[in-house]
Amino acid sequence: MSQYTIGIDLGGTTMTAGLVNESYEIVGKITWPTKLPRPADDLEKALADLCRAVTKANNVDFSSVKYVGIGTPGSVNFTTGFVGYNTNFGYYDWNLGPDMEALLGCKVYVENDANAAAYGEYIAGGAKGYKDAVIITLGTGIGSGIILGGKILRGFNFAAGEMGHTVIVKGGRKCNCGRNGCWEKYASSRALTEDTKAAMQEHTDSLMWEMVPDIDHVNAKLAFDAMAKGDAVAKQVVENWMDYVACGLANVVNTFEPEVICVGGGVSNQGETLLGPVRAAVQKETQNITTGRCPEICACELRNDAGVIGAAALENSI
């Protein structure tokens, strides 16, 4: 009889449960709205219903589910399944793992959502087949997950891997974490958007003004699109931003020397337009430390499925 696991990607807007087979393939998945704000116990019941719904929809008896894994925002103690705080949900001291085990009658693993997504990319995506990997997501902030020898690096406080909050500009831009000059304030997709807006305001003759209705419609893709059309201002914005991306990745290489770094987030859709220059810059900045051999730097492959697959494989990450 086939055995399955269920992976849950729990977000502030939606929650997705995927039924995953032993080859780490998603057999079926269901997405429901998270419907925040709501009491924690009400959300837990909805998560349990979601798990049962995804098995029923795929004609699988729930008794065939070995365990359920949940990737959630917040500070997660993987050992106990206890979420110390989840500010996006308004939950503090959330006993998520044990509560879900009582509701489902099976083992439940809980992990930080960035770590779960990184592990998914490691087990079945762009980092598959490598021993040591770092997954970097360039989004609103910079998410990261570090897998060494097949295990997630969690740290003694379960807060390891916050590469976005390593400083690359001492005394630089103020970050929400309380520090100044964090990598994510310069190399996230939000940073690229803000830098694009600033450049447009300084250069009112830029082609970028013709490509959006107004400055409120600027996103991280605009500068790349305008650069492709020959706009010099956009080209400068993109090149400066990629320098910051490369700076942080060089720090990752010099700290962990992984075999591969996978870069995710919507901006990774730029492919070699992004990865080619970044790869060359990282190679240049690390060659004296790494004896000239740079880790592979590639795009993530799983997109929105990474969190589901990673959560479904969490038992292997211990």
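Select strand S6, residues 82-86, and then S7: in this predicted model, 3 bridges join the two strands, which run antiparallel. Now pick out Tyr 85 in the viewer and look across to S7, where Tyr 92 stands opposite. Follow the chain from S6 to S7. The two strands form a hairpin, with 4 residues between them. Stop at Gly 90 in the turn, which has a positive phi of about 80°.

The 3 strands form an open sheet, and their order is S5-S6-S7. The pairing in this sheet is antiparallel. Strands of a sheet pair through backbone hydrogen bonds, and the pairing can be parallel or antiparallel. Which strands stand at the edges? They are S5 (75-77) and S7 (91-94); each has a single partner strand, so one side of each is left without a neighbour in the sheet. If direction is ignored, neighbouring strands of this sheet are turned by 10° against each other on average.

Move on to strand S12, residues 260-264, and show S13 with it. Here 4 bridges join the strands, and S12 and S13 run parallel. Select Val 263 to find the residue that stands opposite in S13, Ala 299. Then show helix H9 as well: S12, H9 and S13 make a right-handed β-α-β unit.

Stay in this region and select Thr 290, in the loop between helix H9 (272-286) and strand S13 (296-299). Is Thr 290 buried or exposed? The relative accessible area of Thr 290 is 4%, so this residue is buried, since buried means under 20%. Show the side chain of Thr 290 and the backbone of Arg 293: the backbone oxygen of Arg 293 lies 3.2 Å from a polar atom of that side chain. Leaving aside residues up to four places away in sequence, Thr 290 touches Val 253, Asn 254 and Glu 257.

The last stop is a pair of helices. Two packed helices are described by the angle between their axes and by the distance between those axes. Select helix H5 (residues 189-202) and helix H8 (residues 232-256), which pack at an angle of about 145°. Their axes are 10 Å apart. H5 passes H8 in a right-handed crossing. Which residues make the contact? On H5, show Leu 192, Asp 195, Thr 196 and Ala 199. On H8, show Val 233, Val 237 and Trp 241.

Technical notes
Residues are numbered from 1 along each chain as its sequence is written. This is a predicted model: local features need pLDDT of at least 70, side-chain atom pairs count only at pLDDT 80 or more; totals for chains, interfaces and linings use all residues. Side-chain values use heavy atoms; hydrogens and water are left out. Two strands pair if DSSP finds at least two bridges between them. Axes are lines fitted to C-alpha atoms, for helices over the stretch in contact, and angles run from 0 to 180 degrees between N-to-C directions. Buried means under 20% relative accessible area, exposed over 50%, partly exposed in between (1.4 Å probe, protein chains only). A polar contact is a pair of N or O atoms within 3.5 Å; within protein, one must be able to donate a hydrogen and the other to accept it, and residues adjacent in sequence count only if both atoms are side-chain atoms. Contact means heavy atoms within 4.5 Å. A crossover is right-handed if, with the strands pointing away from the viewer, the path from the first strand over the helix to the second runs clockwise. A crossing is left-handed if the near helix is turned anticlockwise from the far one by less than a right angle, and right-handed if clockwise.
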